[in-house]
Amino acid sequence: MPIVNRISALHEEVTAWRREIHEYPELQFDVHRTAGIVADKLREFGCDEVVPGIGRTGVVGIIRGRSNASGKVVGLRADMDALPLTEITGLPHASKVPGKMHACGHDGHTAMLLGAAKYLAETRNFDGTVAVIFQPAEEGEKGGEAMVLDGMMERFGIQEVYGMHNAPGLPVGQFAIRPGPMLAAVDNFRIHVEGKGGHAARPHQSIDTILVGAHIVAAVQSIVARNVDPLKSAVISICAFNAGFTNNVIPQTAELRGTVRTHDAAVRDLIEVRLKEVAEKTAAVFGATATVHHERVVPATVNDPAHTPHAVAAAAAVVGEKAVNDDAPQIMGGEDFSYMLQARPGAFIFIGQGDTASVHHPAYDFNDEIIPLGMSYWAKLVESRMPA
């Protein structure tokens, strides 16, 4: 390409859209203002169809090329929701909504795809149809699944689908991707421990749930260390331990909460089984009981090996082959774009955000410098997958 003049000319306008969205963040499915802005702009651009309310509050815009001899339909996805954090950037466009902020760059993802939609609706230099997908509730509420279950793929005839996310730490002007599992499956668990409460001075008359819980915390680490193939990746993190309320009472109950991250389906199954066994049997040693509630949140994000090269080629056309890492390391974070990749083949790519605060940090802000690169990637992907 690498960046056409029209896309460069849109940079300032798209940046303004991004910062407006940033000022008014919305959570989960409650993205009515953002979705309204998206739908209005897609109509303004002259999209052939604009359909709100997909997967509750998602928006899909349809842009048809100059011809449709190929019959191909390519989906491009961006997420719209923010996080329940208080922003500390102090920037002029900082969040105006207390306790909410765009700390993951979804404002930038939305703006870049809007900018690409404007360019594609103007030029239509492709043979086929583009579906621009704006998804709610990526942060933990499975908005991607909701859009798939709402029949999005079938309704719009989407044949392949692509996603993109900013990556703090990856230099500006670089992309990263890999075929196969790229991001982890995410499972959450809660372990309820029931013992026997009593006076702290008479521990022999109680069953100490704090002691039991501490042993469970230590024991579950053996699952990754001794049950999972060392050549496979897995994480078990216990992130909350709640028990007791004062200094002289042994508590009757304790609760542990945590997360599991895996890339391999068999490892995911193994950990679910072993977590239950280890918790229950460790508690039994002390005369207590443990009940494990295990929730599968999202599956692994798996890039289709046949479609990943299309994403690589589009990124290379923008920044050059040397600036695209097509064998990037796997990541233990999760992404509900995985549901769309289960429904249709495609790929998920990372775009360099530069040396900024990490995502999910209150000092994070999307780097507006990368907007033309993201827009160019989307445009090149469409034009190369459906050449006119």
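Trp378 counts as buried, because its relative accessibility is 1%, where buried means under 20% relative accessible area, exposed means over 50% and partly exposed lies in between, with a 1.4 Å probe and protein chains only. The place of Trp378 is in helix H10, and helices (H or I, at least four residues) and strands (E, at least two) are DSSP runs that are numbered from the N terminus. The model is predicted, so that local features need pLDDT of at least 70 and side-chain atom pairs count only at pLDDT 80 or more, while totals for chains, interfaces and linings use all residues. Residues are numbered from 1 along each chain as its sequence is written, and side-chain values use heavy atoms, with hydrogens and water left out.

**Around Trp378**

- Leaving aside neighbours within four places in sequence, Trp378 is in contact (heavy atoms within 4.5 Å) with Leu76, Arg77, Met112, Leu113, Ala116, Tyr162, Gly163 and Met164.
- One of these residues, Met164, is 214 residues from Trp378 in sequence, and the two C-alpha atoms are 9.1 Å apart in space.

**Aromatic rings**

- Rings of Phe, Tyr and Trp (its six-membered ring) pair if their centres lie within 6.5 Å, and planes under 30 degrees apart count as stacked, over 60 as edge-to-face and the rest as tilted; by this rule the count comes to five aromatic pairs.
- Phe175 and Tyr377 form a tilted pair, with 5.5 Å from centre to centre and 35° between the planes.
- Because Phe175 lies in strand E6 (residues 175-176) and Tyr377 in helix H10 (residues 371-385), this pair ties together parts that are 202 residues apart in sequence.
- Both Phe175 and Tyr377 are buried, and ring pairs link Phe175, Tyr377 and Trp378 into a cluster.

**Helices H6 and H7**

- Helix H6 (residues 209-226) and helix H7 (residues 265-285) pack at an angle of about 145°, with their axes 9 Å apart; the axes are lines fitted to C-alpha atoms, for helices over the stretch in contact, and angles run from 0 to 180 degrees between N-to-C directions.
- From H6, the contact is made by Val212, His215, Ile216, Ala219, Val220 and Ile223, and from H7 by Ile271, Arg274, Leu275, Val278, Ala279, Thr282 and Ala283.
- The residues of this contact divide into 10 nonpolar, two polar and one charged, where Ala, Val, Leu, Ile, Met, Phe, Trp, Tyr, Cys and Pro count as nonpolar, Asp, Glu, Lys and Arg as charged, and the others, Gly among them, as polar.

**Positive phi angles**

- Most residues other than glycine have a negative phi.
- Arg56, although not a glycine, has a positive phi of about 80°, and this residue lies in the loop between strand E1 (49-54) and strand E2 (58-64).
- Arg56 counts as exposed, because its relative accessibility is 60%.
- Arg56 also lies over the face of Phe29, at 3.9 Å from the ring centre; a charge sits over a ring if NZ of Lys or CZ of Arg is within 6 Å of the ring centre and within 35 degrees of the ring normal.
- Ala137, another residue that is not glycine, has a positive phi near 55° and is found in the loop between strand E4 (129-135) and H4.
- Ala137 counts as buried, because its relative accessible area is 0%.

**Other residues in loops and helices**

- Leu149 lies in helix H4 (residues 143-149) and counts as exposed, because its relative accessibility is 66%.
- Leu149 and Tyr339 are 190 residues apart in sequence, and their C-alpha atoms are 9.5 Å apart in space.
- Lys100 has its place in the loop between strand E3 (73-79) and helix H3 (106-123), and counts as partly exposed, because its relative accessibility is 25%.
- Apart from neighbours within four places in sequence, Lys100 is in contact with Pro25, Leu27, Leu83, Leu85 and Ser95.
- Pro251, in the loop between strand E11 (249-250) and strand E12 (253-262), is buried, because its relative accessible area is 8%.
- Pro251 and Val132 are 119 residues apart in sequence and 53 Å apart in space, C-alpha to C-alpha.
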